Amino acid sequence: MRRRGRAAVPGRRRCGRAADDETPPGRRGRVTALVGESGSGKSTVARLLAGLHPRSGGDIRLHGETVDVKRGKAFRAYARRVQMIFQDPFASLNPVHTVRYHLTRALKIHGRDGDDLEQSLHELLSRVQLTPPERYLGKFPHELSGGQRQRVAIARALGADPEALLADEPVSMLDVSIRLGVLNLLRDLKERLNLAILYITHDIASARYFADETMVMYAGRMVEGGDSETVTQQSAHPYTRLLIDSAPDPDRHFHVKVADSGAGEPPSLIDPPPGCRFHPRCPVAMERCRTELPPRFDVGDRPGHWAACWLYDGAAG
Ligand code: SF4
Ligand code: MG
């Protein structure tokens, strides 16, 4: 049950213990942003979900079923449904092979290279708006712009006919002028192909624009989540506010590092601080924050908005 907390603490709003579930709410037809500073563990989450990183615990669930990510048939079936798009489109494409090779290989790996291979190649390139397709099939990566290369990487991921895309900073290495086009493309694909997209970014402004839901990550833990508008406009967690405050101009993408804002450096993930991991940098830290790890509390008036912060413990004395 939700209950109203003490009005004396700045920022305190309606609060209560939230569901104790660490699972990001990735759903088909939705974009979920995972936002945080460099070194917060965002890419590790994507690599774990893609089965590219050994796990030390926890489960991966798809449609409520736990996935066995050990190499084998079950993993291959899962890997086809969940495709990754990497930050650096140049590094992710082999420079000695053409667009045709990259896309054909993806279709072959996933058994989709039947008699209609040529048509499938054309469809993939049309889906990422590289038209006419015959202009691009024979090109090598160095003959393409950064934005075109990232579109080829997206087409290659679509070659598996996936249900989910894990997009790790997909536009951060592209010129600012073409970022919006690639994000709009992903949004369009989400709607047309009913994809679930996990959008990993350090840029909370783009999360608001692009994602349906936003989760904020700090030192390997999720600290706030909810619909993107609420998380960015009515932030509850002190770390989310710091992320937003460290962007001086809302019309500019967030190039300012939080570490430059005077709030110190993020902690090591190998030996994180006890209690709330944000407490050494938190301007409103309390005594209990140094020793007790805060659970998730419902906050604000919008359903599904939560923060892992003791400020929202309605039961606090
Ligand atoms: Fe700050 Fe404490 Fe909340 Fe952590 S739990 S963010 S230290 S107030
Ligand atoms: Mg990263």
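I began with strand pairing: E10 and strand E12 (residues 306-307) run antiparallel and are joined by 2 bridges. Worth noting for anyone following along: this is a predicted model.

Next I looked up which residue faces Glu-224 across that pairing, and found Ala-307 of E12 as its bridge partner. I then turned to the other neighbour. Strand E9 (residues 213-218) is also antiparallel to E10, with 6 bridges between them. Here Glu-224 of E10 has Val-216 opposite.

How enclosed is strand E10 (residues 221-227)? I found 5 of its 7 residues buried, so E10 is largely enclosed by the rest of the structure.

On to helix H7, which covers residues 146-158. From first C-alpha to last I get 18 Å for its 13 residues, close to the 18 Å expected at 1.5 Å a residue. H7 is mostly covered, with 11 of the 13 residues buried. Among the buried ones I noted Arg-149, Arg-151 and Arg-156, along with Val-152, Ile-154 and Leu-158.

What do the buried residues of H7 pack against? My list has strands E6 (82-85) and E7 (164-168), plus helices H3 (89-92), H4 (99-109), H5 (117-127) and H8 (176-193).

Last stop, ligand 1: I see 14 residues around it, the closest being Cys-276, His-279, Cys-282, Cys-289 and Cys-309. By type, the shell holds 12 nonpolar and 2 polar residues, and no charged ones.

Conventions. Residues are numbered from 1 along each chain as its sequence is written. Chains are lettered from A and ligands numbered from 1 in the order in which they are written. This is a predicted model: local features need pLDDT of at least 70, side-chain atom pairs count only at pLDDT 80 or more; totals for chains, interfaces and linings use all residues. A residue is buried if 20 or more other C-beta atoms lie within 10 Å of its own, exposed if 12 or fewer, and partly exposed in between; C-beta atoms are placed from the backbone. Helices (H or I, at least four residues) and strands (E, at least two) are DSSP runs, numbered from the N terminus. Two strands pair if DSSP finds at least two bridges between them. A residue is near a molecule or strand if its C-beta atom, placed from the backbone, lies within 6 Å of it. Ala, Val, Leu, Ile, Met, Phe, Trp, Tyr, Cys and Pro count as nonpolar, Asp, Glu, Lys and Arg as charged, and the others, Gly among them, as polar. The expected span of a helix is 1.5 Å times one less than its number of residues. Two residues are in contact if their C-beta atoms, placed from the backbone, lie within 7 Å.
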